[in-house]
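Hi everyone, thanks for coming.

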Amino acid sequence: MIKLYYLFLAAFIFCTSIHGKSSDDKYYGIPLSSPLGTFGVLNNIGNVQSPTHLTSLAGGETATGSIISKEFKVEVPVIKLFARGWNGKKGDRNLNRFELVDAKTGKIIRTAKPPQTTSTPKWIEWDVKNLKDKNVKIRIIDGDSNKAYAWLGIDRIDAGPVMRINFNANPELKSWEIETENKEPKNLSYFGVPYLINSGLTFKQNDTRKIELGFKAKKIILFGMTFTPDIGTPLWHYAPSYFMRYLIGDELGRIKINYADGTSEDYPLVLGDNLWWGQRFYNYPKPFDSNKEKIKILEDSLYLFPAKPVQGGFRIGVIQPKYVKIASIEFTDRKEKLGIPIINAMTVLADNNIKKGKLFSNVKPEKEVIAFIEKSVMKPAGVCEDDKKRRLKNIRNAMYTTEDNFPKSVPVSKPKNYRGPDVKFDGNVYAQILANIFYHNLADMDEKADEETGMFRESTKHSANFGGYQGFGTYKEGVSPYWNDAWSRGVGREVQEYLAFGFYEKTKKCVDYCFRQARVWENKKDELKVKGASLPGHWCRNIARPIVGKNAGAFENDGHGMIMLTVHSLWRKMPKKERDKWLKERWDDVEMAANWIEWQFENPKISGATNDVLQTDSEANFSIFTGIGYGYTIYADYPCMDGLLGFAEMAESIGKNKEAEKWRTRAEKMKKGMERSYIERIGNKPPMWTRKHAGWVYLSSHLAPLIFLADRRGFKPEDDDPEWREINRVTYKRKVDKWSGKAPMNDDEWWWYLPEENRYRKNKELYFPEHGNFTVAMGYGQGFMTQAALLLDEMKDAEAMLDFTAKATYYADYKSYIVPEGVETSPDGKSWFRTGDLGNGFQQASIMKVIRLVIGVDDTNPKELTLIPRIPKSWKRMSVDKFPAWIESGDEGVKRVNLKFQYELVSCIAKCKNKARFKLETSDILPVTLLRLGPFDSGISKNLKVLLNGKVIKSEVTKSGDSNWIRVIIPKGLKRFEVTVN
């Protein structure tokens with residue numbers, strides 16, 4: 001035992017300390033300029049992933065230089081360049097340009113400026129009909145050293161078969177040559193360590209750079225130690241694209257030291273070990289800027305200096321090579337990951353003269369840096385691997401939620417300002433967390449509903465932001481990016497949930513706010529024009545600040561339809577004496593909202609409506625087929641159709657029969673239009689809703705006909721359109737199979753990937769989320785899929801999804817139960833972290849709708865209350881108190897009652913005495929109540945005894961989804977009852 005202890009101690013000392021420098025050591029800067037100087041091939045623009053292209057941004061915004069293509073003969077009448085970039089923000093600097101030059105004389109024959117665009121390249125065309133058979137070259141010049149709008153790039157060149165290049169398909173640069181660059185390297189001192197900085201990048205994407213050295217070195221001190229694209233995750237991108245995700249423990253490249261004696265050492269560049277995020281860490285520094293314990297973990301684990309957040313994000317890393325002559329050093333990018341490591345400079349510490357380097361004099365590194373250089377050196381591959389695993393694990397646990405730090409149980413947590421129903425879920429920690437999620441998010445929604453104006457704000461007040469949409473697990477407090485916004489799809493979803501949980505009076509104010517904001521289009525008709533035309537009143541993307549322009553959301557019909565459903569839901573809950581008066585006073589607003597849909601069909605040249613479906617400017621139809629912007633999606637058409645049906649019901653209630661008939665007719669036309677436009681049949685496979693008009697991650701928006709079911713029609717399976725139920729089921733099932741890896745990988749009819757992924761498909765690390773994980777976006781992914789599973793009674797799926805909803809939401813360090821905008825998961829499923837903001841309207845409300853479906857109080861038909869709880873089999877019980885339901889009550893019409901009930905479920909069949917027990921009491925007499933209990937295993941007997949208040953009652957066993965259910969009808973007139981299944 002003692003011997004083992006000393007062996008461990010020796011290993012620990014070896015892995016954590018290295019002897020330092022002598023007084024004779026000198027610092028030499030070694031040039032690391034790229035063969036292409038300022039230019040390089042990148043697949044990102046700043047923090048945004050893009051198709052791979054040749055760009056001067058590789059050397060940084062301020063770098064300058066030029067490169068020139070190989071010589072080729074003109075054989076086509078037009079040479080095309082698919083280009084991007086800037087010549088100053090206004091295009092007036094005239095420093096950046098593309099040139100066509102005579103290969104023999106160097107004379108400039110044609111020239112073109114960058115197209116003043118970043119994300120979307122544009123074609124530049126040169127008429128070269130009079131240059132046939134002339135030998136030419138293409139030169140790209142960046143002469144702008146400014147800090148912004150000072151770069152240019154090119155995606156493709158089409159000069160016929162002799163010169164046809166697509167950098168996204170083949171990022172080869174061997175035929176290009178550097179012409180000019182910043183000739184004189186710059187001296188830079190970083191914490192007292194001197195460096196020689198050249199423009200350009202040391203690493204080449206998907207390739208190796210080799211630099212000859214020929215000297216001994218005691219230490220190699222590297223500057224940079226970050227990577228491009230400096231993100232944690234791609235923007236709302238589907239989970240199997242692991243090659244665009246950057247997580248603790250990921251290897252992004254390697255440094256190889258080749259010695260003159262024929263030996264070599266490899267140094268993997270690993271995030272969390274000797275590589276780290278750059279400016280993004282500075283922008284989102286928590287918890288590592290304030291939590292002393294976590295700061296210490298980072299400093300002890302990261303072989304970089306400084307560990308703390310720093311402006312620019314560059315750090316120092318140290319290699320201690322063997323003390324023999326170094327022949328060369330190689331920098332190799334890892335092909336399986338997009339982007340490249342960034343090492344901007346290399347200084348060596350040596351006790352001999354190095355002719356190739358620049359000797360620095362009067363070097364005085366800071367004390368902390370000297371200690372770091374002496375102690376914290378990188379380890380070659382295979383050395384101290386257990387120590388590396390330990391350090392990486394410590395950082396994961398400090399930054400992510402992991403299987404190691406996830407709680408075994410949590411106490412009830414209810415905010416002080418909470419005012420709403422009481423819920424309690426028992427059975428496991430996931431059930432406990434979901435109950436706390438309910439409390440905290442409902443209190444948060446209550447705060448976001450402005451008491452005075454009625455505005456329903458989009459994100460949590462003063463909330464943190466977890467790195468935007470490309471974060472890596474850290475955050476910044478007090479950002480609250482959407483506090484002053486009211487996105488229609490968020491308002492439409494949140495206010496419905498807010499109302500369903502009992503906040504009736506404030507909901508009325510929210511609806512009036514929506515009506516006022518719809519009128520902005522009429523009040524500012526001269527300012528808000530589309531294609532030269534003024535638009536009638538309606539709800540656009542951000543109803544707080546309506547705007548027009550490309551992808552501005554003027555035609556965001558999904559949000560419009562959801563607010564219509566909210567208005568209808570509020571109206572349906574009003575008592576009779578209030579309902580007619582309220583509707584008549586707001587009839588012009590109601591009619592305006594319904595007629596917006598009709599107006600679009602009457603004005604197709606402006607709206608794009610065609611074939612009885614709407615053209616929508618929304619993220620709901622973002623996909624590889626349509627792109628973000630105008631497109632067609634069932635996610636927008638369905639709520640507009642159902643909103644019209646709801647508004648027709650409202651119109652009839654006050655004698656507006658003509659309008660009711662018009663809206664029902666339009667709704668029926670839209671239904672047929674959706675069937676024509678959105679049903680997809682591939683081969684002999686059953687029909688499903690097409691992915692070609694689906695948006696968001698997992699292409700989840702085509703679940704609309706299913707997930708909108710509960711808003712107007714009800715929670716029961718039979719409330720679904722019988723013609724569409726099977727289409728909904730097939731759509732859902734295929735999606736689950738695809739994203740759980742069950743569907744074949746080569747089934748490209750169903751496989752979604754970006755074109756630039758093609759070259760990675762054989763080599764990339766591809767993973768599928770663990771069962772139940774459809775996060776990335778908490779609403780568009782996790783919320784949609786869990787709602788669909790519940791409404792289809794696929795309870796095995798639903799249980800896994802509910803568990804992961806709890807896991808994904810919980811975060812120990814900050815606002816533990818507020819729903820984040822997004823969540824990213826490691827490929828092994830053992831760690832996950834938040835992205836985006838907190839309390840993001842649509843994401844938050846979608847998870848609250850999930851919990852409402854689990855509780856199962858369905859009052860969409862006030863004449864018949866439906867209680868249809870859907871709790872997982874692993875739960876023991878659900879207890880609910882003060883839960884609102886709106887039911888018909890004699891002459892008063894609709895009246896609110898408060899329900900108190902407890903549901904206990906035992907799903908086993910053979911050995912259990914009581915299979916289920918449902919006990920309810922309420923503040924008023926109930927109408928006829930449909931109660932459905934389950935889920936039960938498939939072996940349940942039809943002869944089971946079902947008792948109502950101790951007496952046998954008629955029941956029915958039904959099969960729905962993957963489970964059996966027992967249905968009973970509770971007669972009208974009861975205030976309390978107890979149903980048991982034995």
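I'll talk about some helix pairs, then a cavity, then a few backbone details.

A word on the ground rules. This is a predicted model, so local features need pLDDT of at least 70 and side-chain atom pairs count only at pLDDT 80 or more, while totals for chains, interfaces and linings use all residues. Residues are numbered from 1 along each chain as its sequence is written, and side-chain values use heavy atoms, with hydrogens and water left out.

Okay, helices. Two packed helices are described by the angle between their axes and the distance between the axes. Helices here are DSSP runs of H or I with at least four residues, strands are runs of E with at least two, and both are numbered from the N terminus. Axes are lines fitted to C-alpha atoms, for helices over the stretch in contact, and angles run from 0 to 180 degrees between N-to-C directions.

Start with α19, residues 778-791, and α20, residues 795-809: their axes come within 8 Å and cross at roughly 150°. The two are therefore roughly antiparallel; that label is for angles over 145 degrees, under 35 is roughly parallel, 65 to 115 is roughly perpendicular and the rest is oblique. The crossing is left-handed, meaning the near helix is turned anticlockwise from the far one by less than a right angle; clockwise would be right-handed. On the α19 side, the residues that meet α20 include M778, M785 and L790. Contact, by the way, means heavy atoms within 4.5 Å. By class, this contact has 10 nonpolar, 4 polar and 1 charged residues. Nonpolar covers Ala, Val, Leu, Ile, Met, Phe, Trp, Tyr, Cys and Pro; charged is Asp, Glu, Lys and Arg; the others, Gly among them, are polar.

So how is α19 oriented against α21? The axes of α19 and α21, residues 841-855, are 8 Å apart at an angle of about 15°, and the two are therefore roughly parallel. This crossing is left-handed too. Among the residues making the contact are Y780 and F784 of α19 and F842 and I847 of α21. That contact has 10 nonpolar, 6 polar and 1 charged residues.

One more pair: α14, residues 634-653, and α15, residues 657-678, have axes that come within 8 Å and cross at roughly 160°. That makes α14 roughly antiparallel to α15. Their contact includes Y638 and M641 of α14 and W663 and M670 of α15, and its residues divide into 15 nonpolar, 1 polar and 6 charged.

The structure holds 8 cavities of 30 Å³ or more. A cavity is a set of points, on a 1 Å grid over the protein atoms alone, where a 1.4 Å probe fits but cannot get out.

Last, the backbone. Which peptide bonds are cis? One runs from K286 to P287, with omega near 10°, and P287 is in the loop between α2 and α3. Another joins G934 and P935, with omega about 0°; P935 lies in strand β40. And N94, in the loop between β6 and β7, has a positive phi near 55°.

Key: 1 Å grid on protein atoms, 1.4 Å probe; cavity = no way out; pocket = protein on both sides within 12 Å on 5 of 7 lines; lining within 4 Å. Points joined across faces, edges and corners; volume = space filled by probe spheres on them.
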